[in-house]
Amino acid sequence: GMGGMGHMSAGGAPPEGSMEYEYTAEIIQRCIMSCIHAGRCDPMQVQMMTQEMCEDYGCPQYADYCAQRVISACQRMGL
């Protein structure tokens, strides 16, 4: 495990109502729109985008959560 990283919930969603919750909602939305625009969902591309955006927003620990949400949303839309 990662020593001393107890506050980072692996793959968990940010607490509702928190700033991180707002940020991740924004990131997820933007990535989904990007996939729709491209006409396809490339999981590798999504991972890179969410990683980058989450770092910009100061919540890199939620990058995987965002990527998962984007990819499953795109799958539901048939992308």
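## Terms and model

A residue is called buried under 20% relative accessible area, exposed over 50%, and partly exposed in between, with a 1.4 Å probe and protein chains only. Helices (H or I, at least four residues) and strands (E, at least two) are DSSP runs numbered from the N terminus.

The model is predicted: local features need pLDDT of at least 70, side-chain atom pairs count only at pLDDT 80 or more, and totals for chains, interfaces and linings use all residues. Residues are numbered from 1 along each chain as its sequence is written, and side-chain values use heavy atoms, with hydrogens and water left out.

## Helix 1

In helix 1, the buried residues are T24, I27, I28, C31, I32 and C35. They lie on the same side of helix 1, because they cover an arc of only 130° around the axis; the arc is that of the directions from the helix axis to the C-beta atoms. Their cover includes helix 2 (43–57) and helix 3 (63–76), where contact means heavy atoms within 4.5 Å.

Helix 1 has 20 residues (19–38) and should span 28 Å at 1.5 Å a residue, which agrees with the 29 Å between its end C-alpha atoms. The expected span is 1.5 Å times one less than the number of residues. After helix 1 comes G39, with a positive phi near 80°.

## Aromatic pair

Rings of Phe, Tyr and Trp (its six-membered ring) pair if their centres lie within 6.5 Å; planes under 30 degrees apart count as stacked, over 60 as edge-to-face and the rest as tilted. The whole structure contains one aromatic pair. Y23 and Y57 form this tilted pair, at 5.0 Å centre to centre and 35° between the planes.

Because Y23 belongs to helix 1 and Y57 to helix 2, the pair ties together parts 34 residues apart in sequence. Y23 is partly exposed, at 25% relative accessible area; Y57 is partly exposed, at 27%.
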